[in-house]
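Work through these exercises with the model open beside you. Try each task before you read its solution.

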Amino acid sequence: MIGQQARLMFQKRAYSNTSCSKPSFSVYIHWPYCESKCTYCNFNKYVNPKNPPHDRLVKAMITELEYFLNDPRYGLKDRKVHSVYFGGGTPSLAKPSAIHAILETIRNQVGLSEGTEISMEANPTSMEQSKLEQFRQAGVNRLSLGIQSLNTQDLKMLGRDHTRGEALEALSMAKDIFHKESVTFDLIYARPGQTTKDWERELQQALDIAGDHLSMYQLTVERSTPLHKQSLKGLLPSIPDPDTAADMYEATVRIAADYGYHHYEVSSYAKDQQAISRHNFSYWQGMDFLGIGPGAHGRLTDIRKNQRARTFGEFHPDKYMALCETEGEGIRKIQPISVHDMAEELIVFGMRTRMGIPRSRFSKMTSGGMLDQAIDTEALKLFTEANLLIQEDAMTDDLRYFIPKELLHEWEQGGGIRPTEAGLERIDYILPRLLKVKSIKD
């Protein structure tokens with residue numbers, strides 16, 4: 001192990017050697033329409049109108065894409081695209097020709113490498129199943145199915161517009177078209193009335209048919225959603241208490257491991273390095289990402305000011321499209337990100353992954369800040385001795401299960417800090433005690 005002073009000197013050298021490089025960025029495309037709105041959803045979504053303004057919306061998105069990709073403030077023209085993600089809403093309601101046109105715009109403006117991850121969310125309804133092959137031909141190479149449950153009654157309670165049978169049929173078709181290593185789906189546990197045994201049975205059924213990746217989330221009942229209002233009125237079975245939800249989380253980790261899945265992020269599991277979601281890592285590791293569409297969020301660096309900022313798209317589709325038509329972009333607000341806030345965000349989001357926070361990335365993203373100076377050393381020592389955190393100065397063999405191949409080099413440049421499996425389960429307790437970012441100056 002190298003000493004503290006040597007480690008800090010290494011970080012300074014690592015930053016000075018990489019600060020002039022041009023990091024990659026991701027693109028997020030938000031399709032705002034759904035066939036119906038789920039009872040638990042508080043995202044910026046709108047029920048699909050009878051005659052959706054499809055062509056106008058796509059044209060507005062392309063206009064906004066061209067605006068940002070050519071804006072010299074952000075220098076995206078000279079940078080590589082890390083990933084593209086079509087989310088929403090329900091982007092599989094879009095015409096495949098729209099997906100193709102958007103990808104062609106990115107390809108013509110800045111280029112797309114052959115291996116770039118291009119993901120799309122899709123619902124497993126019969127209507128959307130019929131378009132999967134066309135989406136593949138349009139350029140999508142990774143599909144995320146919003147299955148959420150294999151219980152038809154619970155699907156109705158959640159406001160989903162598909163059945164268990166449609167979910168199984170869609171998953172089978174998706175694996176045939178996109179191959180199992182490029183198909184993932186979501187499940188929600190701790191649903192009203194669900195027991196740990198119920199969840200264990202459902203999880204095993206799901207893992208029997210899964211591809212190489214899946215995401216499993218604990219239900220969060222957000223205020224003002226239909227599910228929240230029904231719960232307040234006593235119209236739903238009891239929602240599992242925190243202890244039961246914790247038992248479900250532990251069962252999820254244990255059973256997924258029995259099926260050969262590596263738990264690389266709080267809610268994400270992959271069988272191998274190739275199946276890890278590249279796009280989500282762009283959020284967790286502080287990369288720039290361009291948010292396009294109504295209500296889309298982004299995070300970009302103004303290279304002339306050396307200033308990072310969050311972008312917030314206009315919420316309502318009509319207002320968004322009108323802005324794009326008159327201004328060239330549909331941004332509602334741009335909010336600067338201080339170095340202090342960026343440091344805190346890197347630690348909070350990075351520590352929800354088994355990759356943790358590489359020292360080299362922390363330095364690059366905080367204008368030379370030192371990760372070890374943003375961490376409470378006494379707390380770090382305590383959590384390390386308790387086998388909740390790992391502090392490393394170089395690569396270790398097991399990291400390949402938790403980090404995309406293209407990011408491994410960051411751990412070779414001075415190591416970092418990351419949670420163990422036990423630490424990941426307790427990360428909400430650990431973070432407030434670990435953070436000391438007030439020492440990071442803007």
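Start with Ser367, which is found in the loop between α14 and α15 (377–385). This is a predicted model, where local features need pLDDT of at least 70, side-chain atom pairs count only at pLDDT 80 or more, and totals for chains, interfaces and linings use all residues. Residues are numbered from 1 along each chain as its sequence is written, and side-chain values use heavy atoms, with hydrogens and water left out.

**Exercise 1. Describe the backbone and the exposure of Ser367.**

Step 1. Look at phi. Ser367 has a positive value of about 55°, although it is not a glycine.
Step 2. Look at accessibility. Ser367 counts as partly exposed because its relative accessibility is 43%. (Buried means under 20% relative accessible area, exposed over 50%, partly exposed in between, with a 1.4 Å probe and protein chains only.)

**Exercise 2. Where is Cys34, and how far apart are the C-alpha atoms of Cys34 and Ser92?**

Step 1. Cys34 sits in strand β2 (residues 33–34).
Step 2. With 6% relative accessibility, Cys34 counts as buried.
Step 3. Cys34 and Ser92 are 58 residues apart along the chain, and 9.3 Å separates their C-alpha atoms.

**Exercise 3. Classify the packing of helices α2 and α3.**

Step 1. Helix α2 (residues 54–69) packs on helix α3 (residues 96–109) at about 15°, and the axes are 10 Å apart. (Axes are lines fitted to C-alpha atoms, for helices over the stretch in contact; angles run from 0 to 180 degrees between N-to-C directions.)
Step 2. Therefore α2 and α3 are roughly parallel to each other. (Angles under 35 degrees count as roughly parallel, over 145 as roughly antiparallel, 65 to 115 as roughly perpendicular and the rest as oblique.)
Step 3. Residues of α2 in the contact include Val58, Met61 and Ile62; those of α3 include Ala101 and Ile102.
Step 4. Sort the contact residues by class: 9 nonpolar, 3 polar and 1 charged. (Ala, Val, Leu, Ile, Met, Phe, Trp, Tyr, Cys and Pro count as nonpolar, Asp, Glu, Lys and Arg as charged, and the others, Gly among them, as polar.)

**Exercise 4. Give the strand order of the open sheet, then find its edges.**

Step 1. The sheet has 3 strands, ordered β15-β17-β16, with antiparallel pairing. (Two strands pair if DSSP finds at least two bridges between them.)
Step 2. β15 (357–358) and β16 (389–392) are the edge strands; each has a single partner, so one side of each lacks a neighbour in the sheet.
Step 3. β15 pairs with β17 (residues 416–419) over 2 bridges. Pro358 lies opposite Gly416 in β17.

How values were computed:
Helices (H or I, at least four residues) and strands (E, at least two) are DSSP runs, numbered from the N terminus. Contact means heavy atoms within 4.5 Å.
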